[in-house]
Amino acid sequence: MNKSFLFSLALAAGLFSVGAFAQNQSLQLEEGFDFKKCQQKASLIGDDALAECMAKENLRVEKLIDYAYQSLANDEMFNAWNKGSGMFRGNLKNLYDDWRKYRDEYCSLYAFSMEGYLGTSYYNTQRCLLDLARQHYDYIKILQENKKSTPD
Amino acid sequence: MNKKILFGSLCAVVFSAHLAWADTYQSCLDAAQDDYALINCTNNEAARVLRSVNSKLATLASNPYFSGWENPSLPTAQNMKNFLDQWVIFRSYYCTLLAYTQSQGKGTISSLTNAQCSLDMTKRLLQDVDAVMASYTENNPQ
């Protein structure tokens, strides 16, 4: 099957599967954090409690992203692209930092547009941060999967 | 004219233009004779979608509501420009890395992947900016 077609399928799946991400994720936060249970309890309290759950889930996803980046940085194949700058430095770090800046700014804009309407600013910000973190984790997984499918 | 009507009208015009131009992209792909032509079509489409994003951000910047966003000491248009410039850098890094995983920069597959990635990510950004516009419009009914 054509690689470009596979890539497009994978990217599309990654872009639109954010809602299914939590259910499919088998890894757990070290502290035993369960996002679904947290949400169930928080839904009885209010938006900020839900936002706290999302903030914790965001931390978990960010850790996964960190591990994924470190895995790429340690992979010989990426050394040449990374400009051989070692572990989590060079172009990979730039990519990560640039993504974080974009995510923070976009979520700030999104929450700003929702002010005074649905949900608190904290809730809207955390929801956006979590959505984009999940999306970015999917993007990084595509890189790892692409690498596995690349012939020698 | 009521500012909100003007804002909504601008959104409708941009959306209609987007639909018309999507046909042009398909026509370009259909006519492409080789990978280089495909890459050209896709890069042009990505540039077109990016112009659409830029236009929508300019629309947001023209709305006094957003003057309070980000750095209030800068003009809103500058804040929006900084935001988009930052994203373009991120897109460039990610797509070149994705292309690299395909063939380590060898052959046309790498450029084709880069172009397709740029287009897909730009379309996603367009959706995200549309979400901001939609939430503002819903939150500030006439």
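A search of the whole structure, which is a predicted model, turns up one cavity of 30 Å³ or more. A cavity here is a set of points, on a 1 Å grid over the protein atoms alone, where a 1.4 Å probe fits but cannot get out, and lining residues have an atom within 4 Å of a point. The largest cavity has a volume of about 50 Å³, taken as the space filled by probe spheres set on the points.

The lining of the largest cavity draws on both chains: Tyr102(A), Gln135(A) and Tyr139(A), with Trp87(B), Phe90(B), Met121(B), Arg124(B), Leu125(B) and Asp128(B). At least two lining residues come from each of helix H7 (121–149) of chain A and helices H3 (76–103) and H4 of chain B; helices are DSSP runs (H or I, at least four residues) numbered from the N terminus. H4(B) gives the largest share, four residues. By class the lining has six nonpolar, one polar and two charged residues, where Ala, Val, Leu, Ile, Met, Phe, Trp, Tyr, Cys and Pro count as nonpolar, Asp, Glu, Lys and Arg as charged, and the others as polar.

H4(B) (residues 107–139) also meets H6(A) (residues 91–113): their axes, lines fitted to C-alpha atoms over the stretch in contact, come within 8 Å and cross at roughly 20 degrees. The two helices are therefore roughly parallel (angles under 35 degrees). Contact (heavy atoms within 4.5 Å) involves residues including Tyr102(A) and Tyr106(A) on H6(A), and Leu125(B) and Asp128(B) on H4(B). This contact has nine nonpolar, three polar and one charged residues.

Confidence is given as pLDDT, from 0 to 100 for each residue. Chain A averages 78, and 73% of its residues score at least 70. Over residues 1–28 of chain A the pLDDT is below 50, and this stretch has 43 contacts beyond near neighbours in sequence. Chain B averages 85, with its lowest mean, 69, in helix H1 (residues 3–31) and its highest, 94, in helix H2 (residues 35–61). The complex has an ipTM of 0.78 and a pTM of 0.77.

Residues are numbered from 1 along each chain as its sequence is written, and chains are lettered from A in the order in which they are written. Local features need pLDDT of at least 70, side-chain atom pairs count only at pLDDT 80 or more, and totals for chains, interfaces and linings use all residues, while side-chain values use heavy atoms, leaving out hydrogens and water.

Definitions and conventions. Axes are lines fitted to C-alpha atoms, for helices over the stretch in contact, and angles run from 0 to 180 degrees between N-to-C directions. Angles under 35 degrees count as roughly parallel, over 145 as roughly antiparallel, 65 to 115 as roughly perpendicular and the rest as oblique. On a 1 Å grid over the protein atoms alone, a cavity is a set of points where a 1.4 Å probe fits but cannot get out, and a pocket is an open set with protein on both sides within 12 Å along at least five of seven lines; lining residues have an atom within 4 Å of a point. pLDDT is the predictor's confidence in each residue, from 0 to 100.
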